Amino acid sequence: MAMAAWYHRDISRVHAEDLLARAGRDGSYLVRDSESVPGAYALCLLFQRHVHTYRILPDADGLLAVQTTQGVQVNCFRTLEDLVLGYQHPHKGLVTPLLFAVPRDTDTGDESSDDEKPSPVPVTVNTVPFTGAPAKPAPHTAFLDKLQELNTSSTAGEVIGLLNDYLFSELPLDIENVHKGATTLCHLKRTLGTACQGLNSEIDLTLSSLETLAKVFDHPSCSLTNTKAQGPEMEIDSLLCKISALVSLLSSLEKKVLKALQDAVTNHNLAAQPNPPPPEPTPSSVTPVKNHDRQLPVHSFQVKMVRYGRQTVSVDVDSGVLLFDRKAGSFGIERVSHDRILQIVKFQSSPAKVCLVVDSHHSTPREMTFESARKRDAFCQLLQLMKTRHSQLSEPDVVSVFVGTWNMGGSPPPRSLQTWVTCCGLGHTPDESTALLPHDIYALGTQENPQGEREWTEHIKATLRSYTHIDFKQVAVQSLWSMRLAVFVRPEHESRISHVNTASVRTGLGNTLGNKGAVGVSFLFGGTSFGFVNCHLTSGSEKVLRRNQNFVDILRLLSLGEKQLGAFDISLRFTHLFWCGDLNYRLDLDVQDILKHVSKREFEELMCADQLTRERHKRKAFLNFKEEKIAFPPTYRYERGSRDCYLWQKYKTSGVRVNVPSWCDRILWKSYPETHVFCTAYGCTDDIFTSDHSPVFATFDVGVTSQYSSKTDLNSSVEKAWIELEGIEAIVKTASKAKFFIEFYSSCLEETRRSSENDSQSCDVPGFLKLGWSFKQLPKLLPIMSDMEFLQDQHLLLSVKSCDGFESYGECCVALRSLNGASEQFETFLSHRGEEMGSIRGRVRIHVPKDRRGTREKVYDWFHFEKDPGRGHMSPALTRVQINRSSAAPPKLTPSSYTNPAYFIFEGVSVPRRVEEALPQRRDPQVIWSGNEALQLPKISGRQGFDRRPCRSSSPPKTLLPYLHRQVTPRHSTRNRLRNPKTNTGVKILFKTPYCLRRT
């Protein structure tokens, strides 16, 4: 059905405003789907350089009306087209009549031609004018919608393609024949005959085999003469006859064979007493061993220690001791128990170095240098495991997570996948001393997987069981066509898993087919939410924009997590979100140059030509996601059967297509600020050859919390904690002049809270709106529990929404861990639908009763990172440079990176004058650049609520507490001890006074 040019379906609010800004004429308009109310629309109208948004709501009778204030007459219309025509006349209540329709952008296409491509779907053209939702759809459209709603994850892609063809093009012809009085559906029979061609041959083969077996036991069978079917009717009738014969034969065969065997035994006197079965093992004969108590061997490491020279350090995890063997002198072997180790310090500048702070009479930290960074990481991992085993905690503080992705290329997997799940191969891989340690959570995503769900999950469980001797429990498995995502946990964690959700999103062929798309699994582990996404994005070197749009569609449409978080995309719904898959981003470089860099292992140079790196650098995809440094060759496109060469030429009927070697298969993650997550491995296998992709793996140490309960809060007379918001300022990217409010969500709140509308608003820079809420406009938040042990692990989710359409203009996450002082500031960026939408800052005061401020040290707090000496504080501003293939890799993005000068509501931040130029020296008056325009930042007298004290950034600190080089005060580990409020040793941004951006 043809759509009106002014209807833009589900484009984002920002995209709509950009289109209207490009139109530039007062009275320009478009209609899009509402982001806040399903089934509603948003009418966007440009007037005097501002976009006015009106919400169009359907009533109970299906009539459409523009939402109005109380007392204003409501005009109802049958269709959207009638509504638009009605408001093209003046004096209808809008700021200006609808004069100039803004058409949709031209479609850039969906799929590429270098990978698998579903059958093209012919589209029938209908000249019926566009009407809104109340219009009754055509019958074939309703059936097509129903097909798309069904779960076809286990259905063959070819059959679904045939059904799509039939519903699009041939069903209307059958409907027309039915109107003419036909009693048969010839087009449907033809489709069924084509779909069942394989079934026909399979039944013939099966029937022939069963008839042979029946004849052996003299069982009469109904032999079928293979008559060639004539026409679709005869073919289906023949198939039905064969199926009937197969059912009859199967139902009677076992009884007849059993009777024949019994007769044979009686007639030949072969009956004999069977041997007694072996006795079943009694429970006492097998002693079950707890999985987490499985004994580990003692691992030894050669180190060089300051003052003591070379030594052997051994880690005995089961006994909980470290053994220092100096091999010289009369000191012998020194034993250090786990409870005497107070701190372990890693060095950024020396990856093979570690410092041990031990509670002993020496009072000197022990600096040890290992043979390699891998050995040091293995030593630290074993120490953490030792600390966890002997911590006497009922719930873990940290878990190990394995994430894997593999495009199987439609080929069955090898018998063993052990090298994949043990991270053996190329890149950042674990040491052999820790490679076989089982992880707590396994999430394995596959694309083009020819195996069914059950066969695939049993294969994985068998692989894990073969080397861990643990029967892992399946949390969930989700499929979309040949895409799979399976998640497993150790048996002892099964009771900690709750709120399991699964979902899928189709992005193939206009978001209707599942050959491309994503599958997801989410759950709660104790009190920590996890999300896992496996995707297969559009292929083709030139389809970068389409891949970016795939990501945005998945981010917005994948229905995972709590329903109360529907206003937030999935990147903000989980404490930890892991994203893997065949992302299909390619290398923009000549294939010979790529092969030369790969042969020299010059991966950093290649990363400069990586499309995903560039798009992340431009903030166009995977905003604020992280990825570990890649130190392995491109995983696509290998010659099947070996990993010796890339098969980069693909011969097709249309000619030769070049698929350059690329890092198509990736693993990224995004976590809430000030949480513990650390990537411990990232690489690919080098011995699995069945596909043209290599399996990719990554492992993480992830901090988790338990389901906290406090008996004290049940007493209503006990003093409670509260969170007071003293003031909030925000800059949002919009051309609107609406009023705004803020919604606050957190798992520590009983319900979502809402502020009043903002009491200050200005627009000194076109396209950006500065908003302010004073203390009176903001709610007082009352947590469900008042213990600092609970509150320090909580987060606030904020959503800035308009008062007219209730649509979100930006969301963010703020950690409470660093806001536990008397009055602390926070600042962070706003994002929406994967785009950066502005910035927000505020001052928060958290009050916790004095007797509820006790906390305990977490296991992962044992480890700290010493900042590189001599480097000083890094600037939070991101120095953006043009990507050059011969230059080093682009700088890594951080959550506090400032990329748009219009978002700088904070003074004291360095800003790039131009993309190509170095940062200038800051002077007063301050000048920043927005495009080619210079914007002056005037000084304004201070306001209440903000001062010059450093703020608390929501991004995790770059460094943690350094150890003491000389005297170390012994600390005794206690379950509950008071801690001083944390200081943020990361990047600090000094606030001066709030101000607006002003043109020079």
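Threonine 79 sits in the loop between strand 5 (76–77) and helix 2 (80–86), where helices (H or I, at least four residues) and strands (E, at least two) are DSSP runs numbered from the N terminus. At 2% relative accessibility, threonine 79 counts as buried, a term that stands for under 20% relative accessible area, with exposed meaning over 50% and partly exposed in between (1.4 Å probe, protein chains only). The side chain of threonine 79 reaches the backbone nitrogen of aspartate 82 at 3.1 Å. The model is predicted, so local features need pLDDT of at least 70 and side-chain atom pairs count only at pLDDT 80 or more, while totals for chains, interfaces and linings use all residues. Residues are numbered from 1 along each chain as its sequence is written, and side-chain values use heavy atoms, with hydrogens and water left out.

**The chain as a whole**

- The protein chain has 15 helices and 44 strands, and of its 1000 residues 50% count as buried.
- Among contacts (heavy atoms within 4.5 Å) between residues at least 6 apart in sequence, 69% join residues at least 24 apart.
- The protein chain exposes about 47,600 Å², of which carbon and sulfur atoms supply 52%; accessible areas come from the Shrake-Rupley method with a 1.4 Å probe, and for residues only the protein chains shown count as cover.

- An open sheet with mixed pairing is formed by 8 strands in the order 10-9-8-7-13-12-11-39, two strands being paired if DSSP finds at least two bridges between them.
- Strand 10 (333–337) and strand 39 (863–866) stand at the edges with a single partner strand each, so one side of each is left without a neighbour in the sheet.
- From one strand to the next, the twist averages 35°.
- Strand 11 (residues 341–347) runs parallel to strand 39 and is joined to it by 4 bridges, and lysine 346 has phenylalanine 865 in strand 39 as its bridge partner.
- Strand 7 and strand 13 run antiparallel and are joined by 3 bridges, with methionine 368 in strand 13 as the bridge partner of methionine 305.
- Strand 12 also pairs with strand 13 in the antiparallel sense, over 4 bridges, and here lysine 353 stands opposite threonine 369.
- The covered face of strand 13 consists of Arg366, Met368 and Phe370, whereas Glu367 and Thr369 make up its uncovered face.

**Helix 8, lying across the sheet**

- Helix 8 (residues 373–389) lies across several strands, including strand 7 (299–305), strand 12 (353–358) and strand 13 (366–370), and runs at about 155° to strand 11; axes are lines fitted to C-alpha atoms, for helices over the stretch in contact, and angles run from 0 to 180 degrees between N-to-C directions.
- The 17 residues of helix 8 reach 24 Å from the first C-alpha to the last, close to the 24 Å expected at 1.5 Å a residue, the expected span being 1.5 Å times one less than the number of residues.
- Buried residues of helix 8 include Ala378, Phe379, Cys380, Leu382, Leu383 and Met386, and also Lys375, Arg376, Gln384 and Lys387.

**Helix 11, an enclosed helix**

- Because 10 of its 14 residues are buried, helix 11 is largely enclosed by the rest of the structure.
- Among the buried residues of helix 11 are Val544, Arg546, Arg547, Phe551, Asp553 and Leu555.
- What covers these buried residues includes strand 19 (497–508), strand 20 (513–525), strand 21 (528–536), strand 22 (576–582) and helix 14 (611–617).
- At 1.5 Å a residue, helix 11 (residues 544–557) should span 20 Å, which agrees with the 20 Å between its end C-alpha atoms.

How values were computed
A polar contact is a pair of N or O atoms within 3.5 Å; within protein, one must be able to donate a hydrogen and the other to accept it, and residues adjacent in sequence count only if both atoms are side-chain atoms.
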